Every structure is written in C-alpha cells, then in structure tokens.
Amino acid sequence: MLGCASGTRLKYRLTLVSGLLECLCFAGVVFGWASLVFVLKADGYFEDLCSNVTESNNTLLDEDCSRQDEKFALVFTVASFLNNFMTLPIGFIFDRFGTLATRLVAICLYTSGTALIAASRAALSVLLFPAVSLIAVGGILLLVTNMQVGNLFGKHRSTIITLYNGAFDSSSAVFLVIKVLFEFGISLRLSFIVMSACSVIHVLRTIFLLPVKHIPHPVPEGYSYGYNVEKFENARTEKNMAAKRQMGRYSDSSQPGKHMWKTAYGLSPEMSFRSCVASWLFVWHLLWLSVMQLRHYLFIGTLNPMLNRLANQDPTLVSEYTNAFAFTQLCGVLCAPWNGLIMDRHKGKPLPPEMSDREADLRSSVLSLFLTSLQCLLFSVCATYPLLPLQYLTFALQVINRSFLYGGNAAFISIAFPSQHFGKLYGLVMSLSALVSLLQYPCFALVKEFDGEPLYVNIGLTVLTLVAFIHPLNVYFHCRKCAGEREGPDGPLSKSSEVCRDLDSIQMEEME
C-alpha cells in the first residue's frame with residue numbers, strides 16, 4: 001500500500017510539472033505578438049500596405065506603414081477575441097465530455113495553426129488570420145484542461161491554478177525565442193514546424209498523465225487516472241458508490257459531487273448554472289475581468305507602433321524594447337503564485353466558529369482582487385505617459401498585473417461557485433469578456449483619427465479601470481453580511497448558509 005501511495009504521489013507531481021511546462025511553452029504564445037510582428041515585418045508580410053510619403057517636389061520623406069500596423073492589430077484583435085469567446089462552447093464540452101475529448105480538440109486546433117504559419121509566406125499573409133486564431137483557441141483550451149490539476153494538491157489548489165495561469169502568461173516569451181532564432185538565421189517556417197511536431201508530446205500527456213473525464217475535488221484517497229487506469233477505477237468506484245447508496249450515505253445517487261459541494265460549502269446541492277450566472281458575484285467579476293483585459297489587449301496590440309513612435313522609428317531601439325517586453329513576460333510564472341498564496345493564506349488555520357470554507361475562501365480573495373485592480377491602474381497610468389524609458393516600468397507592471405488577473409479569475413470562479421459548473425462558468429466569463437475586448441479595434445481606429453497619438457484613448461481607459469475596484473468591495477461587503485447573519489441571535493450555520501446563498505443570487509423572478 002505504501003508503494004502504491006508513493007507511486008500515486010509521483011504521478012501527481014509528474015502531472016503538475018508536465019502541465020506547467022506545457023502551459024509555459026505552448027498555451028499563451030499568441031500574447032508574444034509584438035515579438036512575432038517584428039519577424040513578420042522583416043519577412044514582408046502585409047508589406048504591400050506600406051506607401052512612400054513624399055514632398056510636393058517628389059522628394060522621398062519616409063515610408064508610411066500605418067495600414068500594415070492596422071492589419072497586424074486586426075489579426076491580434078480577432079485572435080484575442082476568439083481566444084476568449086470560444087472557451088464557452090469548449091467549456092460545455094469539457095464539463096459534458098471530459099478532459100480527453102477537450103484536449104484532442106485543443107491539440108488539433110493548435111497544430112493546425114502552427115502548420116498554417118509554417119506554410120505561409122508574404123504572398124499569403126492572409127493566412128495569419130486563421131493561423132493565429134487557431135493557436136490562440138488551442139492554447140486556452142490546454143490551460144483550461146490543466147487547471148484541474150490544482151485539485152490534486154488540496155490546500156495549495158489556488159496557488160497551483162495561479163501558477164499555471166502565470167506560466168500561460170510567460171509562454172508569450174516563446175515568440176521572443178523565435179525572434180532571436182530568426183536573427184541568427186533560423187527561418188520562421190522551421191520554428192513553426194518544430195512547434196507542430198511537439199503535438200506528439202501533448203497527445204502522450206493526454207493519454208498517460210490526465211484523466212479521461214475530470215479530477216474531482218476533493219480528491220478521494222488513492223485516486224489515480226490515465227486512460228487505462230480509469231477503465232478499472234471507474235468500475236470499482238461505481239461498485240463502491242452503489243454499496244454506499246444502499247447504506248444511505250448519498251442522498252443523490254446520480255451526482256455525488258453535489259454532496260461534496262454541500263459538505264464543503266454549506267450551499268444547496270441544487271445550485272444551478274443559471275443561478276450562478278444570475279449572481280452579483282458573477283456579474284461584478286465579469287466586469288472586473290473585462291475592463292482590465294481590454295486595457296491589456298489594447299496595450300499589446302499597439303505596442304509595436306507605440307515603440308516606433310517613441311523611438312522615432314529607430315529599428316534598433318524598437319528591437320531592444322521589444323526584447324525587454326518579451327523578457328519580462330517570462331516573469332509571469334514567478335509572479336502568479338504570489339496571488340495564489342494570498343488566496344490560500346488561510347488554509348491550514350482554524351476557522352472561526354460556524355464559518356464555512358467558502359466564506360473563508362471569499363474573504364481571502366478580497367485582498368487579491370483589490371491588489372489586481374490597483375496594479376492595473378498603475379500600469380495604465382505608466383502606459384499613458386509618453387516617455388520611452390518609463391516603458392520598462394510599464395512592462396514590469398503589465399506582467400505582474402496580467403499574471404494576477406488571469407490566475408485570480410480562474411481561482412475566484414473555482415472557489416465562489418460549484419465545481420461541476422467550472423468549465424461552463426469559466427468559458428462564459430471569458431466569452432463575454434471577449435465581446436468587450438472587441439472595443440479595442442474601435443480604439444485603434446480612434447488612435448488613428450488622432451494621427452497615431454493614443455494619449456486621449458489611454459486616459460479614457462485609465463479612468464475606466466476604476467470600475468474594477470467595485471468587485472473587491474462587493475465581495476468584502478458580501479462577506480460582512482454573511483458574518484453578521486452568522487453572529488446574530490438567529491444565526492446558526494444552516495440559516496447563515498441560506499442567507500449567504502440568497503445574497504449571492506439575483507432571484508430570477510425579480511429579474512423577469
């Protein structure tokens with residue numbers, strides 16, 4: 001038995017490390033777009049959109065490539081939109097059909113995208129639209145299927161979820177590696193052929209180091225997974241569950257996960273997906289994510305033309321700052337776990353009498369949500385000020401805030417709502433925030449109307465980021481109300497749980 005337990009722990013660790021490497025090397029590469037644009041311009045993609053600027057006497061002054069920059073910005077806008085929007089249908093697939101089916105879809109999409117870029121050339125620049133979008137969608141699906149690995153490590157669950165999201169952010173540095181290799185003579189085509197071949201690794205990991213369905217939370221003792229293992233384990237589990245049902249241990253024979261949710265959080269096992277979506281916690285969380293994500297997408301999509309403007313079109317200086325930005329992205333994997341530690345800081349400590357685990361988790365999330373909002377405000381202020389050396393600080397704030405944002409997003413959904421709805425809720429919040437992110441293209445057009453000067457647009461977005469502070473305040477006051485009900489004269493745990501659930505939910509009858 002000791003050998004089996006040791007083997008299981010080793011498998012858990014292999015799954016954790018391999019998932020971290022997968023997210024770090026593949027999942028979020030599309031957000032290193034600024035580095036790839038540098039290579040694509042050198043290879044002549046969309047070069048026909050550039051035009052010469054001359055004086056009245058036909059003297060050549062400069063080359064106007066604003067239409068080329070606009071086209072590259074549009075490629076990134078479409079890809080970043082689909083990166084989020086497609087998580088909704090895939091979230092339903094993940095919850096309904098499990099890990100294996102979702103990852104096979106992800107691997108097919110990702111491999112198709114890398115193969116399309118390998119097959120593209122300047123004359124076929126339009127292939128960048130489907131290629132980058134496929135890579136973006138495939139990458140976010142790899143992340144979604146990996147975040148459940150946090151369930152294997154109990155009290156470190158939020159830390160691991162944020163760590164994976166930090167690795168997702170840091171993977172944008174992969175395009176920096178491609179840029180450096182390009183400068184040393186390695187073609188863009190060869191780099192993406194290698195990335196396509198790496199899909200074999202994804203397939204092997206899917207079969208041997210991940211479950212066919214889902215990793216449960218909490219994890220049963222001795223739980224194992226893998227395609228061959230689960231054939232035996234599922235049959236044994238069903239047999240044990242049947243015996244327990246006969247003893248009356250499960251009130252709902254078809255969905256034991258609901259019993260675990262009620263035990264852990266004191267909420268009704270019948271909390272539906274619809275009631276989760278109709279909660280103030282979900283609504284304000286959606287706005288919190290959408291506002292800050294829009295700010296980040298606009299910054300990444302306009303980084304190359306912004307650096308060209310601030311560096312007076314000096315390609316050497318632009319390359320230096322592009323490399324600096326890409327290098328800072330590597331730090332995402334180091335920054336993100338700090339957010340998880342903030343959210344997990346109460347784990348292992350005794351809770352106040354009658355406080356549920358869910359309420360304790362939500363109380364711990366308030367500081368994380370507030371710090372993330374504050375970081376975004378500081379990042380936006382620095383990005384607004386048109387001083388080139390200041391952009392080093394902007395890059396640092398951007399990667400810290402981005403790692404806190406996406407890690408905190410996934411961790412908050414995992415602790416605030418039932419685990420059986422995680423895929424759908426994560427997909428929905430990402431999809432709806434993607435609709436908001438489409439505003440970046442009108443922002444690009446508005447910047448163009450100001451002759452490429454983004455100051456006024458940046459000021460507007462900085463003011464907009466103040467909306468993000470409402471979410472931590474809402475969670476804080478929600479927890480205070482729950483505590484007040486618990487400490488009142490009629491506040492036993494069962495009643496307190498019911499009151500808190502009512503506070504979470506906007507009753508559908510009232511909405512109608």
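Predicted model: local features only at pLDDT ≥ 70, side-chain atom pairs only at ≥ 80, totals over all residues.

Student: How is a pair of aromatic rings described?

Tutor: In general, one gives the distance of the ring centres and the angle of the planes. A search of this whole structure finds 24 aromatic pairs. In one of them, the rings of Phe 26 and Tyr 110 have centres 6.3 Å apart and planes at 80°, so this pair is edge-to-face.

Student: Where in the chain do Phe 26 and Tyr 110 lie?

Tutor: Phe 26 belongs to helix α1 (residues 2–27) and Tyr 110 to helix α5 (residues 99–119), and the pair links distant parts of the chain, 84 residues apart. Phe 26 counts as buried because its relative accessibility is 11%, and Tyr 110 counts as buried at 1%.

Student: What can be said of the rings of Phe 325 and Phe 395?

Tutor: Their centres are 5.2 Å apart and their planes stand at 70°, so this pair is edge-to-face. It also links distant parts of the chain, with Phe 325 in helix α16 (residues 315–329) and Phe 395 in helix α19 (residues 391–416), 70 residues apart. Phe 325 is buried at 2% relative accessibility, and Phe 395 is buried with a relative accessible area of 0%.

Student: Which residues do ring pairs link into a cluster?

Tutor: The cluster is made up of Phe 31, Trp 33, Phe 46, Phe 72, Phe 76, Phe 129, Phe 168 and Tyr 297.

Student: Which ring does the charged end of Lys 179 sit over?

Tutor: It sits over the ring of Phe 38, 4.6 Å from the centre of that ring. In another case, Lys 11 lies over the face of Tyr 225, at 4.9 Å from the ring centre.

Student: What is a disulfide, and how many does the count come to here?

Tutor: A disulfide is a covalent bond between the sulfur atoms of two cysteines. The count here comes to one disulfide, which joins Cys 50 to Cys 65 with an S to S distance of 2.2 Å. The link of Cys 50 and Cys 65 is right-handed, with 120° about the S-S bond. Cys 50 lies in the loop between α2 (33–42) and β1 (51–54), while Cys 65 lies in the loop between β2 (60–64) and α3 (66–85), 15 residues apart.

Student: Are Cys 50 and Cys 65 buried or exposed?

Tutor: A residue is buried when its relative accessible area is under 20%. Cys 50 therefore counts as buried at 16%, and Cys 65 counts as buried at 19%.

Student: How are two packed helices described?

Tutor: One gives the angle between their axes and the distance between the axes. Helix α15 (residues 303–310) and α16 pack at an angle of about 135°, with their axes 9 Å apart. That angle makes α15 oblique to α16, and the crossing of the two helices is right-handed.

Student: Which value of phi does Gln 313 have, and where is its place?

Tutor: Phi of Gln 313 is near 65°, which is a positive value in a residue other than glycine, and its place is in the loop between α15 and α16. Phe 46, which is not a glycine, has a positive phi of about 55°. Phe 46 is found in the loop between α2 and β1, and it counts as buried at 7% relative accessibility.

Terms used:
Residues numbered from 1 in each chain as written. Heavy atoms only, no water. Phe/Tyr/Trp six-rings, centres within 6.5 Å; stacked < 30°, edge-to-face > 60°. Helix = DSSP H or I, 4+ residues; strand = E, 2+ residues; numbered from the N terminus. Buried < 20%, exposed > 50% of the residue type's maximum accessible area, 1.4 Å probe, protein only. Lys NZ or Arg CZ within 6 Å of the ring centre and 35° of its normal. Disulfide = S-S within 2.5 Å. Axes fitted to C-alpha atoms, helices over the stretch in contact; angles between N-to-C directions. Parallel < 35°, antiparallel > 145°, perpendicular 65-115°, else oblique. Left-handed = near helix turned anticlockwise from the far one by under 90°.
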